[in-house]
Amino acid sequence: MPADAPFPEDLIQRGSGNEVRNNVWYNSVRTNNSGVELSNNWYFNTTQDGDASASKTICGSADDIFSSISAKDFRLKSALGGAMALPAPYNVDATGTVRGSDGVWDKGAYEFGGTAAAPAPVQPPTNLVVR
């Protein structure tokens, strides 16, 4: 573990060319993102180490953005715009919703609203022989 680790359980990875964009940091101990390019991040009750970007948002104690924290449902209750538009594969969230399809790119793991991406068509097998 590096000698400058702020907490005993932390292992700070170092590298170059890393980017941290469009994240929601909610009740995190700290982000410790020094040495990376940061933009369009949202912080609640979190020390935003190294984020000097003008596009960051720091929120107070009354911010309730998730569908249900107690049920571990971290989809957004409402739009949390201000995210940077990113190319594929980052333009679709884990539920298949196309980011920005409602005109707003949301910060965080899930896009609020929008439309689900059409599933890829299933191709029938070729050279199948039935006997």
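In strand S7, Asp73 is the bridge partner of Ser68. The model is predicted, so local features are reported only at pLDDT of at least 70 and side-chain atom pairs only at pLDDT 80 or more, whereas totals for chains, interfaces and linings use all residues. Residues are numbered from 1 along each chain as its sequence is written, and side-chain values use heavy atoms, with hydrogens and water left out.

Figure 1. Strand S6 (residues 66-68) pairs with S7 in the antiparallel sense over two bridges; two strands count as paired if DSSP finds at least two bridges between them. Strands are DSSP runs (E, at least two residues) and helices are DSSP runs (H or I, at least four residues), numbered from the N terminus. Four residues lie between the strands of this hairpin, and Lys72 takes a positive phi near 60°. Asp73 belongs to strand S7 (residues 73-76). With a relative accessible area of 18%, Asp73 is buried; buried means under 20%, exposed over 50%, and partly exposed in between (1.4 Å probe, protein chains only). Leaving aside residues up to four places away in sequence, Asp73 touches Phe66, Ser67 and Ser68, a contact being heavy atoms within 4.5 Å.

**Figure 2. The open sheet S2-S4-S5.** Three strands form an open sheet in the order S2-S4-S5, with parallel pairing. Strand S2 (24-26) and strand S5 (57-59) stand at the edges with a single partner strand each, so one side of each has no neighbour in the sheet. From one strand to the next, the twist averages 10°; axes are lines fitted to C-alpha atoms, for helices over the stretch in contact, and angles run from 0 to 180 degrees between N-to-C directions. Strand S4 (residues 42-44) pairs with S5 in the parallel sense over three bridges. Phe44 has Cys59, in S5, as its bridge partner.

**Figure 3. The largest nonpolar core.** Seven residues make up the largest nonpolar core: Trp42, Phe44, Cys59, Ile65, Phe66, Leu76 and Leu80. Such a core is a set of buried Ala, Val, Leu, Ile, Met, Phe, Trp, Tyr and Cys residues joined through side-chain atoms within 4.5 Å. In soluble globular proteins, nonpolar side chains tend to be buried together. Not counting residues up to four places away in sequence, Ile65 touches Val24, Trp42, Arg75, Leu76, Lys77, Ser78 and Leu80.

**Figure 4. Val104 in the segment after S7.** Val104 lies in the segment that follows S7 and is partly exposed, with a relative accessible area of 30%. Beyond residues up to four places away in sequence, Val104 touches Gly81 and Glu111. The C-alpha atoms of Val104 and Ala83 are separated by 8.1 Å, although these residues are 21 residues apart along the chain.

**Figure 5. The whole chain and its confidence.** The protein chain has zero helices and seven strands, and 27% of its 131 residues are buried. The average pLDDT, the predictor's confidence in each residue from 0 to 100, is 77, and 74% of the residues score at least 70. Among the elements, S7 has the highest mean pLDDT (89) and S5 the lowest (74). Over residues 5-12, pLDDT stays under 50, and the model has 15 contacts beyond four places in sequence for this stretch.
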